[in-house]
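Subject: Structure handover

Hello,

Here is the structure I promised to pass on. Please open it alongside this email, and I will walk you through what turned up.

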Amino acid sequence: IRDRLASLGRPKKLFIIVNPYGGKRSGRSIFQNEVLPLIEASGVLYTMQETKHRLHAQEIAHSLDLRKYDGIICVSGDGLMVEVVNGLLQREDWETAIKVPLGIIPAGTGNGMARSLLHAAGEPFSISNAVFAIIRGHKRALDVTSVVQGKTRFFSVLMLTWGLVADVDIESEKYRWMGSARLEFYLLLRMLNLRRYNGRILFVPAPGYEEVGDPVEQTTNGVSTGIQEDGATDSNGETCGYVGPSIKEADLRWRSLNGPFVSVWLGNVPFASEDAMAAPKAEFADGYLDAAIIKDCPRWDVVGLVFQMKDGTYVNSPCVEYFKVKAIRIEPGLRVGSTTKGGIIDSDGEVIARGDDGPHSRAGDEPGHLM
Ligand code: ADP
Ligand code: MG
């Protein structure tokens with residue numbers, strides 16, 4: 001049977017990483033009761049490992065003998081899969097390692113990747129449909145975004161966000177016991193005291209979106225992005241692992257949008273979570289990120305937008321600017337009137353920068369940007 005599986009492009013042996021902590025801590029039971037029976041019935045072999053701590057999945061992906069497996073499967077939320085991507089890209093053999101197929105079976109709070117993949121395949125969102133897609137060997141290419149903040153480099157496959165959604169994602173961590181409901185609950189809480197973030201975003205628009213925002217003078221060093229030029233090495237001087245794309249600064253035509261903003265969202269895939277279509281036109285591997293920016297608008301309009309996020313129609317609102325970018329740089333600004341300073345910048349659940357309310361770096365000093 002296993003020879004036939006291979007000829008169909010199906011996996012023969014999988015490495016399965018289970019996060020027992022994600023979501024409502026049901027990863028282990030989801031694996032035992034809903035994944036294992038289907039995997040065993042299909043004749044696919046597997047090795048399973050539970051994660052014991054944060055970044056464990058990244059360590060596993062960093063050292064795993066990839067020749068033994070046809071894919072790495074995460075039974076988790078989005079965060080664990082992002083760890084796996086980062087672990088693979090830190091390897092010396094990253095160029096081949098990153099080609100190993102990755103799969104995800106939703107068992108977290110944020111299951112945006114699983115929802116996006118099933119949606120793209122025209123399948124209803126369910127654990128068993130995710131398992132079936134993996135057993136059948138469904139694959140598609142996925143872009144990786146390099147996120148740079150000071151000396152930190154992080155690789156993202158889902159999203160980068162600043163403002164409302166970042167606050168919800170990170171600050172609601174204390175309500176983890178609620179499961180997916182924590183996001184909606186905290187969103188309503190935040191809505192009662194809506195924050196507006198001042199600052200600006202600089203971006204390189206995708207073809208067809210060259211008219212969005214205002215042009216930025218190329219000659220000033222206002223657009224010194226710190227993006228690696230050709231042949232650059234990592235900050236510690238070693239060329240080990242992926243160091244991000246090589247770009248000729250001079251070739252980029254930057255534009256800008258000024259705040260205040262309610263929410264800045266950059267999506268690589270359409271769904272932000274199981275039921276929020278934050279970037280309806282996002283494609284997995286078109287080479288661009290979709291930007292959905294909620295500008296300053298009355299609180300009740302924002303409430304309306306949040307309800308329209310289920311099907312993605314919120315992007316048609318005059319309060320929202322929706323376009324595609326090749327690169328973007330976020331510059332949180334100073335407090336002006338009723339706007340809030342700083343704010344969290346969150347990429348795939350990881351805090352990239354924190355504003356005036358946290359002990360970490362001052363976001364205003366070192367703007368985060370991504371490419
Ligand atoms: P969720 O969508 O609920 O956030 P994820 O699967 O994305 O679920 O995982 C959330 C976090 O759990 C990740 O940052 C991961 O590093 C961490 N994690 C993994 N295993 C453990 C563990 N055994 N104890 C605590 N945290 C863990
Ligand atoms: Mg894309």
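Which residues of helix 10 (residues 299–307) are buried? They are V302, L305 and V306. A residue is called buried if 20 or more other C-beta atoms lie within 10 Å of its own, exposed if 12 or fewer, and partly exposed in between, with C-beta atoms placed from the backbone. Helices (H or I, at least four residues) and strands (E, at least two) are DSSP runs, numbered from the N terminus.

Before going further, a word on the source. This is a predicted model, in which local features need pLDDT of at least 70 and side-chain atom pairs count only at pLDDT 80 or more, while totals for chains, interfaces and linings use all residues. Residues are numbered from 1 along each chain as its sequence is written, and chains are lettered from A and ligands numbered from 1 in the order in which they are written.

Back to helix 10. Contact here means that the C-beta atoms of two residues, placed from the backbone, lie within 7 Å. On the face turned away from the buried side, helix 10 carries the exposed residues W300 and F307.

Now the chain overall. The protein chain has ten helices and 18 strands, and 42% of its 371 residues are buried. Of the contacts with a separation of 6 or more, 74% are between residues 24 or more positions apart.

Next, the ligand. Ligand 1 is surrounded by 20 residues, of which G22, S76, G77, G79 and G108 are the closest; a residue is near a molecule if its C-beta atom, placed from the backbone, lies within 6 Å of it. This shell comprises four nonpolar, twelve polar and four charged residues. For these classes, Ala, Val, Leu, Ile, Met, Phe, Trp, Tyr, Cys and Pro count as nonpolar, Asp, Glu, Lys and Arg as charged, and the others, Gly among them, as polar. Helix 4 (residues 78–89) gives the largest share of the shell, four residues.

Helix 4 also packs with helix 3 (residues 56–63), at an angle of about 35 degrees and with the axes 7 Å apart. Axes are lines fitted to C-alpha atoms, over the stretch in contact, and angles run from 0 to 180 degrees between N-to-C directions. Among the residues making the contact are A57 and I60 of helix 3 and L80 and V84 of helix 4. By class, the contact has six nonpolar, four polar and two charged residues.

Finally, some backbone details. Most residues other than glycine have a negative phi, and most peptide bonds are trans. R25, in the loop between strand 1 (13–18) and helix 2 (27–42), has a positive phi of about 55 degrees. R25 is partly exposed, with 14 other C-beta atoms within 10 Å. D348 has a positive phi of about 50 degrees, but is buried, because 27 C-beta neighbours lie inside 10 Å. The peptide bond from G259 to P260 is cis, and P260 sits in the loop between strand 10 (255–258) and strand 11.

Best wishes
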